[in-house]
Amino acid sequence: MVDRLLQEASTFAGSIDGLILLVLILVGFWFLVAEGIFFALIWKYRAKPGRKSQYLTGKEKRIKRWITIPHGLVLVCDVVIIVAAIRVWYNVKMQLPPADYEIRVIGQQWAWIFQMPGADGKLDTPDDITTTDFLHVIRGKTYQFQLQSRDVIHSFSVPVFRLKQDAVPGRTITGWFTPTKTGTFDIQCAEICGIGHGVMEGQMIVQDSAAHAAWIAENHPPTRFAERSR
Amino acid sequence: MAEATAVEARAHAEHEHHGPKGILKYVWSTDHKIIGMQYMFTGMFMAVIGGFMAYVFRMQLAFPGLSVPGFGVVSPGEYNALITNHGSIMIFWVAMPVLIAAFGNFTIPLMIGADDMVFPRINRLSYQVFFLSVLVLLTSLFVKGGGFGGAWTSYPPLSANSQYNLTRVGASMWLVAVMLEFVAFLLGGINFITTLMNSRAPGMKAYDIPMTPWMIVLASIMFMLSVGPLVAGAIMLLFDQVLGTGFYDPARGGDPILWQHLFWFFGHPEVYVVLFPAMGITIDVIATFARKKLFGYKTILYTAVATSVLSFFVWAHHQFIAGIDPRMANIFTITTLLISVPIAEMIFVVIATLYGGSITLKTPMLWALAFVGEFMIGGVTGIFLGASGADIYLHDTYFVLAHFHYTFFPIAIIGTFAAFTYWFPKMFGKMLNETLGKIHFWGTVIPFNFIFIPLFILGLGGQHRRIYNFQNFPELSVPWMVHLRIIATVSLIVMLAFQLVFFVNVVWSLRKGPKAPKNPWNGNTLEWTTESPPPHGNWPADQLPVVYRGPYEYGHPDREEDYWPQNLPA
């Protein structure tokens, strides 16, 4: 459902959209039933001359069932949603699959700094490539990112990946993603970070490994902020 | 004993003889009805300002860069200040003063048969502190650097350091205003709780109290229990801003996430603090206009208590992706989803109350029913966000924004109008015009849905909050998104325009409306047994009401009339 509004481009995007759909079906059912009964009752019991309202206390078991049974069913739906939510959460946020590459993402007012491994594929070596606002990754490879902030709280959000994580000054937060589609996608800052919050956009450039290798070769020897534009 | 009598006599003498005269009567009054109206008119004034702010930033979002009529071009700094203060104003200076303070003050003594609050002068102090907080907040918008723009959640380090937020004075003034507002509501809350416990009419047992006073008092208790940590946190934040301490500064051993815990420990119960009064009002209005005994008086009360307790254990669902230990999210997903059970049950009971009724769709009833119908949308969309896995995507998007507007708008606007139109005859002694009331109702509720349903869809499309210009983001500049933003903005303008009908109705009815009888809606509760408007002291001193039964004895088979006022002897 969500993929009709915005494409899915990471391995876990589908599971998050699936969870949203599951919640939509379950709560949508309750919502329609409740609103349906609500309007039906308003219509059925509209004031008519000569008809007095009934005196019901809601204490008899026979009548009380109309509340206690839905009560139990809502609880069951909650348990289903909890289980599904925790499964998705575990997969995206609690476990770390083995990484093909590591990258470092640093938020600052009002730009994203990306430190990516160079030709050797290892982070924190002299051939690392550091850019502002452009993150280059390879389709199908699993990336672990170390997320940091230099000043205030930012949030690293890649909507097509369904990925979001706050960057907190003083901490390094580790996460992961595996892109599944090539293309150029938005990176948004999702936490208000000052007057430049609205221009703190970045771009996620997902390429096949050949194109990515060519980009690395272009940027060798690496210079800091070598690449302002694509 | 003798001492108590002396105090009583003195209090009485003050009431009767030394009250201020003329216009001062309305400024220095200790009468709960006057204080309620002070809160109400201040809250409505703030609502106009908050609504204007919404108009300005919605125009900017729909037509980026346009010079907004009545404001001018919106700069990013101004945009941030507008959204920050819109949120702060609508919650702290509209929802709370109007729903809790105004209607709490007006209805609690009248509905429980008391001549005034227990502490009338603390009550007056509460409004005065509140008024001061309004002045501080409004001034903060015009100081050097402009109003605070760090969002109503005020996360440090952005809020703590003027090097980051660029509003040194505005940020501190905003914080001081919020703290003063908390002090005002603590004073008011003490009064509500004590009054409900001690001043009930003879014969009124706990289960004979109407829902509105019950809910406002429950809300006050929750507020008192939750606000302490935030006040402590706010003082630390103020120290960080002004004295240069480092409570939230990681470079000096502080932790920015500490603030988030303190803020949301208050912030989530706060949702229920404003929900409960609206719920109580809705229940009273629905019972009156459906001519029905509540389907389950005790069920509503117990579910409200269960919700209050649970609401203290859900706060971290605002922080799933904030960098807390991911294992913690599992606990808070469970508590968050469980809180849907008592709330759903409460709504079921309200709906079931309609069964077997005799429903008249007068304006207050329309508002009350709209509250139930619209609040359900707010309720069910909360489940998406409480499910941690889905929140990874939806957090900080317009889906969140639409969700809480579907809770807060029914609470603060629809609930308020239900209460206002229901008690207007009692407050002012005049009847409101029904036709204008219905035009205003439909003109508010229909555009409301056209504002926020598009925002749900935009949120699902990945549009994040608090971005002043979406043109910088290619994925957010696609035509369907631009069109939805324009639909939302146009609907907002239509809705704001229809509020004029409300003001015309109030002014016209006050001048030319028919005089209100004591009990225009044939209600059971005690406020309908006195004059409209009630005199000082509410009832003549020797005629204070005595209670013989619960508040919802409508349609009783032993009675010819379909209502049975609480004060009629059996």
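Let me begin with chain A, where residues 24 or more positions apart account for 65% of the contacts that have a separation of 6 or more. Please keep in mind throughout that this is a predicted model, and that what I describe was computed from it.

Staying with chain A, we find three helices and ten strands, and, if you read along the sequence, the pattern runs α-α-β-β-β-β-β-β-β-β-β-β-α. The C-alpha trace of this chain spans about 90 × 40 × 35 Å along its principal axes, and its radius of gyration is 25 Å, whereas a compact globule of 230 residues would have a value near 17 Å. Of those 230 residues, 38% count as buried.

The domain assignment divides chain A into domain 1, residues 2–94, and domain 2, residues 101–218, and the C-alpha centres of these two domains of chain A lie 38 Å apart. How many residues of domain 1 of chain A are in contact with domain 2 of chain A? There are nine on the domain 1 side, and they meet twelve residues of domain 2; by class, the domain 1 side of this contact has five nonpolar, three polar and one charged residues.

Now look at A:Leu96, which sits in the loop between α2 (61–94) and β1 (101–108) of chain A. Is A:Leu96 buried or exposed? With 11 other C-beta atoms within 10 Å, and with 12 or fewer being the cut-off for that class, A:Leu96 is exposed. Even so, if we leave aside its neighbours within four places in sequence, A:Leu96 is in contact with A:Gln144, A:Thr174 and A:Trp176, and its C-alpha atom is separated by 7.1 Å from that of A:Gly175, a residue 79 residues apart from it along the chain.

Let me turn to where the chains meet. The contact takes 72 residues from chain A and 82 residues from chain B. On the side of chain A that touches chain B, at least two residues each are supplied by α1 (13–44), α2, β6 (154–158), β7 (163–167) and β9 (183–189) of chain A, and α2(A) gives the most, with 16 residues. By class, that side of chain A has 43 nonpolar, 15 polar and 14 charged residues.

That brings me to the largest nonpolar core, which has 249 residues, and in which the residues with the most contacts inside the core are B:Ala95, B:Leu99, B:Val274, B:Ala390, B:Ala412 and B:Ala418. Helix α4 of chain B, residues 76–112, gives the most to this core, with 23 residues. Why can we say that the core lies between the two domains of chain A? Domain 1 (2–94) and domain 2 (101–218) of chain A both give residues to the core, so it lies between them. As for B:Ala95, once its neighbours within four places in sequence are left aside, this residue is in contact with B:Met90, B:Val274, B:Phe408, B:Ile411 and B:Ala412.

Finally, consider helix α3 of chain B, residues 32–62, which has 31 residues and reaches 44 Å from its first C-alpha to its last, close to the 45 Å expected at 1.5 Å a residue. Of its 31 residues, 22 are buried, so α3(B) is largely enclosed by the rest of the structure.

How values were computed
Residues are numbered from 1 along each chain as its sequence is written. Chains are lettered from A and ligands numbered from 1 in the order in which they are written. This is a predicted model: local features need pLDDT of at least 70, side-chain atom pairs count only at pLDDT 80 or more; totals for chains, interfaces and linings use all residues. Domain bounds come from an automatic or database domain assignment. Two residues are in contact if their C-beta atoms, placed from the backbone, lie within 7 Å. Ala, Val, Leu, Ile, Met, Phe, Trp, Tyr, Cys and Pro count as nonpolar, Asp, Glu, Lys and Arg as charged, and the others, Gly among them, as polar. A nonpolar core is a set of buried Ala, Val, Leu, Ile, Met, Phe, Trp, Tyr and Cys residues joined through C-beta atoms within 7 Å. A residue is buried if 20 or more other C-beta atoms lie within 10 Å of its own, exposed if 12 or fewer, and partly exposed in between; C-beta atoms are placed from the backbone. Helices (H or I, at least four residues) and strands (E, at least two) are DSSP runs, numbered from the N terminus. The expected span of a helix is 1.5 Å times one less than its number of residues. The radius of gyration is taken over C-alpha atoms; the globule rule is 2.2 Å times the number of residues to the power 0.38.
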